[in-house]
Protein chains: 2
Amino acid sequence: VNDGTAAPEAADDAEPVIRLAHNLLRGEAEDLEDYLSLLHPAVVADAIEALPRENRQTIWAQASPSIRGELLLEVKRDVRAQLIEFASSEELLAAVIDLEPDEQADLAEDLPADILPRLLPRLDDANRDAFQLVRDYPHDSAGGLMDVDHISVRADLSIAAVLRYLRRIRMRRGSMPEHSDQLMVVDRDNRFVGTLKLSDLVSVDPMVTVEMLMDSEVQPVADSLEASAVARLFENRDLISAPVADHAGRLIGRITVDDVVDVIRGTADSRLLRGAGLPAEVDLFAPVQTSVKRRAGWLGVHLATAFLAAWVIWLFEATIEQIVALAVLMPVVASMAGVAGNQTLTLVTRGIALAQLDGINTWRLLMLELRIALWNGLLWAAVVTLAAALWYADLALGLTFGLALAISMLAAALTGTLVPVILSRLGVDPAVAGGVVLMGATDVVGFGSFLALAAWFLI
Amino acid sequence: VNDGTAAPEAADDAEPVIRLAHNLLRGEAEDLEDYLSLLHPAVVADAIEALPRENRQTIWAQASPSIRGELLLEVKRDVRAQLIEFASSEELLAAVIDLEPDEQADLAEDLPADILPRLLPRLDDANRDAFQLVRDYPHDSAGGLMDVDHISVRADLSIAAVLRYLRRIRMRRGSMPEHSDQLMVVDRDNRFVGTLKLSDLVSVDPMVTVEMLMDSEVQPVADSLEASAVARLFENRDLISAPVADHAGRLIGRITVDDVVDVIRGTADSRLLRGAGLPAEVDLFAPVQTSVKRRAGWLGVHLATAFLAAWVIWLFEATIEQIVALAVLMPVVASMAGVAGNQTLTLVTRGIALAQLDGINTWRLLMLELRIALWNGLLWAAVVTLAAALWYADLALGLTFGLALAISMLAAALTGTLVPVILSRLGVDPAVAGGVVLMGATDVVGFGSFLALAAWFLI
């Protein structure tokens with residue numbers, strides 16, 4: 001019986017990750033095997049991700065075969081590839097053989113070619129069918145997310161009969177499917193007709209029939225629905241599990257919230273990382289060559305926009321030669337426009353990702369963003385006009401600077417709203433490409449407007 | 001019986017949001033009341049967030065009192081404040097009276113002062129106690145997240161007795177607590193001793209006792225645990241619900257995964273938004289004055305760093321006067337350093353948020369990032385050297401440009417790694433402040449190194 005003091009690993013998963021990382025990096029790994037066996041596989045996976053390659057190998061070698069399958073599932077794909085490299089074919093086979101078929105399907109494409117032909121014959125027919133079923137769906141569809149292990153019952157059964165059936169299932173398999181909050185109700189053709197909550201099942205008169213108790217309002221998730229739309233359904237409806245049906249309405253599986261949580265976390269994470277030009281599943285300790293190559297492309301794209309801005313400045317070399325203060329002040333205009341535009345871009349990109357923006361309200365939003373840019377543009381134009389006029393004792397220079405800033409901030413609001421809308425119409429993810437395009441545009445407009453106005457008014 | 005064709009609103013929640021927004025913006029809102037009653041409150045809340053103020057008021061007015069409480073809970077705080085403005089005291093009281101006590105506690109601080117004194121006397125004793133309990137915890141703690149509605153049983157009961165007890169509860173209250181996947185097992189002092197899965201409960205011999213079936217390995221979540229750590233526990237352990245205990249180990253509530261999903265989404269969202277200097281719970285259609293004020297502060301901070309960079313350039317005015325090409329090329333150096341530094345910053349900030357980085361492995365990561373920056377620095381230095389040498393037919397200028405770029409990219413890797421670590425040690429969220437500090441630093445180093453090298457080598 002628990003004495004009321006929570007063990008540290010239950011109260012917070014952060015601490016053992018750091019402790020494990022410390023001990024390994026300091027070479028204090030004597031009792032590693034024992035310590036690892038005390039930790040949840042997800043915590044070990046976190047520690048693996050927080051450590052360089054050689055320590056990952058040590059952990060893999062010391063991990064018990066029973067958690068190795070979980071480790072492969074939990075780590076990012078880059079890191080998974082490393083673990084698979086460390087492992088012998090026998091170790092890999094032992095690691096994946098006891099996983100669920102849908103988990104095996106998730107790993108399938110990353111495993112060496114010789115594993116599947118050895119794995120499949122060792123699965124029973126039902127599991128092999130389940131493996132094939134899930135494997136044929138894209139990862140980011142409802143079918144790819146689903147779990148085939150579920151219990152379905154017929155609507156005409158009594159609750160007493162359902163309870164007897166469940167006891168038989170448990171007797172046969174020893175445990176119940178994980179994350180069961182409800183049973184699926186199907187007709188004789190295995191078409192989905194409703195759900196039966198376990199909490200209802202345990203609290204009613206056993207003589208009631210399933211049909212009287214079930215929720216027939218629930219609509220199954222289509223197998224082809226995108227993972228992000230599945231996540232929205234779970235979030236909006238506070239679901240724990242949902243039935244998945246094929247095009248004919250036949251129940252083929254069940255999505256559980258733990259997989260949806262991974263989708264939500266993964267989507268948010270990948271948006272953040274790809275927005276900075278990093279791979280969606282980045283490995284902190286990826287080999288240097290890999291990282292250099294991956295980042296080089298992004299830097300190259302930025303270099304192109306930077307040279308475009310440089311070309312705009314070059315057009316006004318003669319102007320700068322006459323008034324060198326322009327060179328001092330021009331980065332301020334471009335940088336403020338970039339920052340203001342990025343605020344608009346972030347809002348609009350997020351609105352698109354949440355499916356909250358479409359033609360007609362985007363127009364409203366654009367008007368709103370332009371008004372915000374106008375007021376903030378005027379405010380900061382006044383500040384920089386004063387600052388530059390005092391610094392260089394030149395009111396005309398100050399006014400030109402302020403006017404350029406106001407114009408650039410308006411242009412930034414326009415670009416920040418339209419760029420993600422246009423990119424997303426073109427099928428390009430605005431979370432990835434929006435920043436580069438915006439920065440190019442605000443640099444060109446920022447430098448260009450200031451230098452052009454200066455060439456016109458000041459010379 | 002379902003005919004196998006999923007209704008559109010079940011298959012995807014995005015479509016009705018857009019349709020509702022369109023109809024309202026076009027003034028086609030005749031059957032609004034009927035249409036709203038068909039939608040899930042979360043979908044209506046999404047539509048409210050996607051619309052300007054006047055349409056929000058229309059939806060609120062047409063929404064049935066039974067979903068208004070849900071709407072208040074689902075929308076962002078800014079939007080909630082607007083809805084509360086639209087509503088009379090009577091409407092608000094009717095909207096919140098049937099919510100769960102923990103939901104009422106979440107709304108409490110946003111409701112007008114006259115609502116609570118009218119609400120509390122109308123709650124029964126148990127609900128009033130529950131309200132007070134949750135309200136006393138910070139929003140972002142396990143206590144603030146928890147749900148007080150749960151069922152607990154004693155370990156010495158038989159399963160048959162538990163089933164009888166559950167039937168009595170259902171008879172009395174008409175329904176079971178939502179999201180029940182397990183019952184909580186407590187001792188006579190209400191101290192948590194374990195959990196009993198419903199899927200086990202429905203599938204065993206009723207003569208077994210709770211003690212034989214329960215999972216006594218489960219440790220309760222401490223009421224003071226931070227929401228982000230709670231989310232990590234749920235993610236790592238694939239939990240659906242978890243017991244919450246006070247310092248004495250007494251069971252005081254239960255956290256369910258639907259609230260954790262909101263925490264995960266909210267955290268990711270707020271990181272993205274606050275990184276761009278926007279409020280964590282931004283309202284797309286906030287009034288112009290509000291948005292202007294909120295964004296002005298962020299722009300002001302950036303203006304300060306931009307003027308710092310301008311001051312660095314000003315130090316080299318004489319150099320630029322002699323070689324105006326420096327003014328053309330210098331933004332390239334600063335901008336490339338900013339982009340490269342942002343990649344490192346994003347990685348490190350994320351590692352800190354995931355509790356994967358701490359003293360010893362940060363040092364390893366710094367070495368790795370410096371090596372990546374060295375190689376990418378040399379690569380792009382070669383490219384820009386060549387480009388500038390050809391453009392200006394001046395090899396010395398090209399070499400100075402390339403050297404400055406390489407130096408700035410190394411400095412960016414150093415800054416990108418150390419800034420978030422230092423900010424987080426100082427208790428400042430690196431996701432918010434990291435970008436400004438990094439941009440200031442890369443601008444200063446980018447402009448400064450190029451101009452200083454030019455002053456030294458080229459003049």
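This is a predicted model: local features need pLDDT of at least 70, side-chain atom pairs count only at pLDDT 80 or more; totals for chains, interfaces and linings use all residues.
**Confidence in the model**

The predictor assigns the complex an ipTM of 0.88 and a pTM of 0.88. For chain A the average pLDDT is 90, and 97% of its residues score at least 70. An exception to be kept in mind when reading the coordinates is the stretch of residues 1-11 of chain A, where pLDDT stays under 50; for this stretch the model has 19 contacts beyond four places in sequence.

**The interface between the chains**

The contact between the two chains involves 140 residues of chain A and 141 residues of chain B. The area buried between them is about 13600 Å², and carbon and sulfur atoms give 65% of that area. A salt bridge joins A:Arg170 to B:Asp200, with 2.6 Å between the closest N and O atoms. A polar contact of 2.8 Å links the side chains of A:Asp269 and B:Arg350. A:Asp269 belongs to helix α17 of chain A, which spans residues 257-275, and this aspartate counts as buried because its relative accessible area of 14% falls under 20%.

Within chain A, A:Arg68 lies in helix α6, residues 65-74, and is buried, with a relative accessible area of 7%. Leaving aside residues up to four places away in sequence, A:Arg68 touches A:Trp60, A:Ala61, A:Ala63, A:Glu91 and A:Ala95. One of these, A:Glu91, is 23 residues from A:Arg68 in sequence, while the C-alpha atoms of the two are 8.6 Å apart in space. Towards A:Trp60, the side chain of A:Arg68 reaches the backbone oxygen at 3.1 Å.

In chain B, helix α6 likewise covers residues 65-74, and its buried residues are B:Ile67, B:Arg68, B:Gly69, B:Leu71 and B:Leu72. In an α-helix there are 3.6 residues a turn, so residues three or four places apart point the same way. What covers the buried residues of α6 in chain B includes the helices α4 (41-49), α5 (53-62), α7 (77-86), α8 (89-96) and α9 (101-108) of chain B.

**Asn190 in both chains**

Most residues other than glycine have a negative phi. A:Asn190, although not a glycine, has a positive phi of about 65°, and B:Asn190 also has a positive value, near 65°. In chain A the residue is found in the loop between β2 (182-186) and β3 (192-197), and in chain B the loop that holds B:Asn190 is likewise the one between β2 (182-186) and β3 (192-197). At a relative accessible area of 32%, A:Asn190 is partly exposed, and B:Asn190, at 32% relative accessibility, counts as partly exposed too.

The atom distances given above are collected here.

| Pair | Kind | Distance |
|---|---|---|
| A:Arg170 and B:Asp200 | salt bridge, closest N and O atoms | 2.6 Å |
| A:Asp269 and B:Arg350 | polar contact, side chains | 2.8 Å |
| A:Arg68 and A:Trp60 | side chain to backbone oxygen | 3.1 Å |

How values were computed: Residues are numbered from 1 along each chain as its sequence is written. Chains are lettered from A and ligands numbered from 1 in the order in which they are written. Side-chain values use heavy atoms; hydrogens and water are left out. pLDDT is the predictor's confidence in each residue, from 0 to 100. Contact means heavy atoms within 4.5 Å. Buried area is the accessible area (1.4 Å probe) that two parts lose on being put together, summed over both. A salt bridge is a side-chain nitrogen of Lys or Arg within 4 Å of a carboxyl oxygen of Asp or Glu. Helices (H or I, at least four residues) and strands (E, at least two) are DSSP runs, numbered from the N terminus. Buried means under 20% relative accessible area, exposed over 50%, partly exposed in between (1.4 Å probe, protein chains only). A polar contact is a pair of N or O atoms within 3.5 Å; within protein, one must be able to donate a hydrogen and the other to accept it, and residues adjacent in sequence count only if both atoms are side-chain atoms.
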